[in-house]
Amino acid sequence: MRYQAVIFDLDGVLVSTDRYHFLAWKQLADRLGIPFDEEVNRRLRGVSRMESLSIVLERSPVCYSAEEQARLAEEKNEIYRGFLSRMTPADVGRDVLSALFALRAAGVKLAVGSSSANAKFILQKIGLGEFFDAVVDGTDITRSKPDPEVFVKARERLGMNGRDCLVVEDAVAGVRAAQAGGMDCAALGDAAEAHIATYDLGQFSEIVQIVGRD
Ligand code: B16
Ligand code: MG
């Protein structure tokens, strides 16, 4: 097998919560009268909540204090958690589930490496709370993607070398993080369109073949 372990990003890879991030930031931006669109949203992929807020506020004519910014981030998170609370196991795609089970059956170690402080809540809601061999999330790290911290911690928890791990990402910042951590990366969505990863995936299921190669 080419890889012994796979580290999955969460938002935009295992689940489509990236849509909920967009809707929650949009609701906050609309309330504050700040223009917000898909182009700005693309820059938020993979980066932390507070860094995302700074990007959203770039277009604001008002300067917010650190205290006000913390409140705004909390307001967005409450809107976002409202969407998350309605998630169920049906929110995981069949292609994702069958790839996860195929990898598990082949003895591949599986981890999640997410910038989100809500990652464990999401995994519980979708019925994968106990599934992974390691989960490293926004509560475990001090530097968000493109810093490699989240993936290096996940690799360490699995007890693996970088060359034996494949990271799966949908964000350019996440691909950069995997590369900075000395790991190969398979890219989906936006990240695949940027053509910077080891593999650009058309479909999630391609991961199984890539991992199983000699
Ligand atoms: P939270 P990932 C990231 O998750 C999201 O892509 C990014 O848009 C978000 O700002 C970040 O988590 C923090 O999320 O507000 O829930 O702590 O893609 O690294 O799984
Ligand atoms: Mg992501």
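User: Why does ligand 1 lie between domain 1 and domain 2?

Analyst: Domain 1 (5-15 + 88-212) and domain 2 (18-84) both give residues to the shell around ligand 1, so the ligand lies between them; the domain bounds come from an automatic or database domain assignment. This is a predicted model, in which local features need pLDDT of at least 70 and side-chain atom pairs count only at pLDDT 80 or more, while totals for chains, interfaces and linings use all residues. Residues are numbered from 1 along each chain as its sequence is written, chains are lettered from A and ligands numbered from 1 in the order in which they are written, and side-chain values use heavy atoms, with hydrogens and water left out.

User: How many residues surround ligand 1, and which are the closest?

Analyst: Ligand 1 is surrounded by 18 residues (a heavy atom within 4 Å), and the closest are Asp-11, Val-47, Ser-114, Ser-116 and Asn-118.

User: Which side chain has a polar atom 2.6 Å from an oxygen atom of ligand 1?

Analyst: That is Asp-11, while a polar side-chain atom of Arg-49 lies 2.7 Å from an oxygen atom of the ligand, and an N or O atom in the side chain of Lys-145 is 2.7 Å from a ligand oxygen atom.

User: Changing topic, how far apart are the C-alpha centres of the domains?

Analyst: The C-alpha centres of domain 1 and domain 2 lie 24 Å apart, and their contact (heavy atoms within 4.5 Å) takes 16 residues from domain 1 and 14 residues from domain 2.

How values were computed. Polar contact = N/O pair within 3.5 Å; in protein donor to acceptor, adjacent residues only side chain to side chain.
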